[in-house]
Amino acid sequence: MKNLLTIENAGHVYHTPSGETQAVKGLSFSVGEGEFVAVIGPSGCGKTTVLSLIAGLMRPTSGRVTVCGKDAYGGGYRLGYMLQRDELFPWRTTYRNVLLPLELKRHKSHKNKAYALELLKKYGLEDFKKSYPDELSGGMRQRVALIRTLASKPQLLLLDEPFSALDYQTRLLVTGDVCSIIRREKKTAILVTHDISEAVSVADRIIVLTKRPAALKSDYSLGFDPDLSPLSRRERPEFGRWFELLWRELNDENG
Amino acid sequence: MITLARWAVLIALLGVWELAAAVGLIDAFVFSSPSRIFVALKDLTASGELFLHAGVTLAETLIGFIISTAIGTALALLLWWNGRVKQIAEPYLVVLNSLPKIALGPVIIIWFGSGMRAIVVMTVLIGVVVSLMTMLSGFEQTDKGKLLLMRSLGASRMNVLLKLVIPSSLPTFVNMLKINVGLSWIGSIMGEYLVSRAGIGYLIVYGGQVFKMDLVFASTLVLCLLATGMYALVSLLERIVRRH
Ligand SMILES: Nc1ncnc2c1ncn2[C@@H]1O[C@H](COP(=O)(O)OP(=O)(O)OP(=O)(O)O)[C@@H](O)[C@H]1O
Ligand SMILES: [Mg+2]
């Protein structure tokens, strides 16, 4: 498996008027093509910072972050970033929201538009392509946001607690939906979450970060049958074992 | 029901006013009366003066409104675009905003003469700072998450402006128009109080000087109607915008 993302001894310090915050320190790991990795860690440990470094929105203050062999900073690769809220533009219809990334990159060719439309159709949103976001349910909005992310055929998908704004029931359904879409489209994805059961139910691999400053604490390959849906994973005996193990790690006082 | 009550209040007020003047409870010469105002309005209309004065004031207000909106919005865009310029401009804006613009009246008259031009300048001065500040804060309140999304998509600053900042500031723009309509009327009437040979403000001042209270009230009524009409137009625009 080829490495798509490599983080080597990366560190990040925020400089603010009130002082310096070391958010990430000596972090190293890599992600192979087609992997679905969940990143968990205590709250405030630096998870969003790590994603920002991978997304190339900030330059690491030390170490290196490379995607497809190039420095992530500067954004030389096709990135799909799904944020905590869907961030759909309320003045655009579903379809025009989905086209936004293509518009920005001037990739609004016939072929790409057809692909976006095909995704909408495939995931049950075709009838809503002319609807505005406030006419959609929370779960549908997340699906639209995912399709917007996929429409520009990203090489790497980053998801920063994308479901945390939803209530528990919807969240289970949408997590299942979104993750099966990501698997079916064979995308490489990194999901940040603080929900252990969410991480265990969707990922191939789980990376646990230490308390701030974030560094690698442990790295597990879960080894579930890739055809299992998130909901059926929750019913497997391994699920409980993984949950317990990870829960202990997260709540381990020694960081 | 509410409409009915509103009309009832109006009719009752006018009735009491008329009656009080008729029985001599108040001096109709000083306080005027609805019937006298009506006569004054009829005379003004018949002589064509009404349209002349209303036209002049309306023109001053509209021109001032359009110019101050355009300049204010353009400057707000510039300040949003360039943070350095914004930092330099900030103290000047604070001073300009707190300065009562009427204090500049004499300067404006000397620089721009005593005609319509001076009055339009006054109107623009009053409206422009508020439009600028309102729009700038609107631009700056653009949702952080959506800005982050645009950055992650590699959007250029121009695209961020065109596809996110401007569309999301549309409600602020309409609000600014509403505020600016009111300010433009203040500007044009205040300007006419200072210098003018025509306009509703001129009629009011003139009526006061020669003690024709009927004329003063009639002109004020016309002003009310014009200002309400313009506000209604902006409200209509707002309703269109709200529907996407
Ligand atoms: N823009 C910033 N400027 C200064 N400090 C920041 C900034 N962003 C984050 N930090 C600090 O860096 C640390 C890590 O923040 P980060 O948002 O990466 O954590 P997180 O793990 O995503 O947290 P959460 O679980 O709440 O999402 C925190 O202590 C935070 O205060
Ligand atoms: Mg976070």
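A salt bridge is taken here as a side-chain nitrogen of Lys or Arg within 4 Å of a carboxyl oxygen of Asp or Glu. In this predicted model, the side chains of A:E87 and B:K146 meet in such a salt bridge, at 3.3 Å from N to O. Local features need pLDDT of at least 70 and side-chain atom pairs count only at pLDDT 80 or more, while totals for chains, interfaces and linings use all residues. Residues are numbered from 1 along each chain as its sequence is written, chains are lettered from A in the order in which they are written, and side-chain values use heavy atoms, with hydrogens and water left out.

**Interface of chain B and chain A**

- Contact (heavy atoms within 4.5 Å) involves 16 residues of chain B and 18 residues of chain A.
- The two chains bury about 1700 Å² between them, 67% of it on carbon and sulfur atoms; buried area is the accessible area (1.4 Å probe) that two parts lose on being put together, summed over both.
- The rule finds 3 salt bridges across this interface.
- It also finds 4 residue pairs in polar contact, both residues being at pLDDT 80 or more. A polar contact is a pair of N or O atoms within 3.5 Å; within protein, one must be able to donate a hydrogen and the other to accept it, and residues adjacent in sequence count only if both atoms are side-chain atoms.
- On the side of chain B that touches chain A, helix 8 (144-152) and helix 9 (157-168) are the elements that give two or more residues. Helix 8 of chain B gives the most, with 7 residues. Helices (H or I, at least four residues) and strands (E, at least two) are DSSP runs, numbered from the N terminus.

**Backbone features of chain A**

- A:E87 lies in the loop between strand 6 (79-82) and helix 2 (94-104) of chain A, and has a positive phi of about 55° although it is not a glycine.
- A cis peptide bond, with omega about -5°, joins A:R212 and A:P213. A:P213 lies in the loop between strand 9 (205-209) and strand 10 (216-221) of chain A.
- Most residues other than glycine have a negative phi, and most peptide bonds are trans.

**Salt bridges in the whole structure**

- Over all chains, the search finds 20 salt bridges.
- One of them pairs the side chains of A:R205 and A:E35 (3.0 Å, N to O). This pair links distant parts of the chain, 170 residues apart: A:R205 is in strand 9, and A:E35 is in the loop between strand 2 (19-32) and strand 3 (36-40) of chain A.
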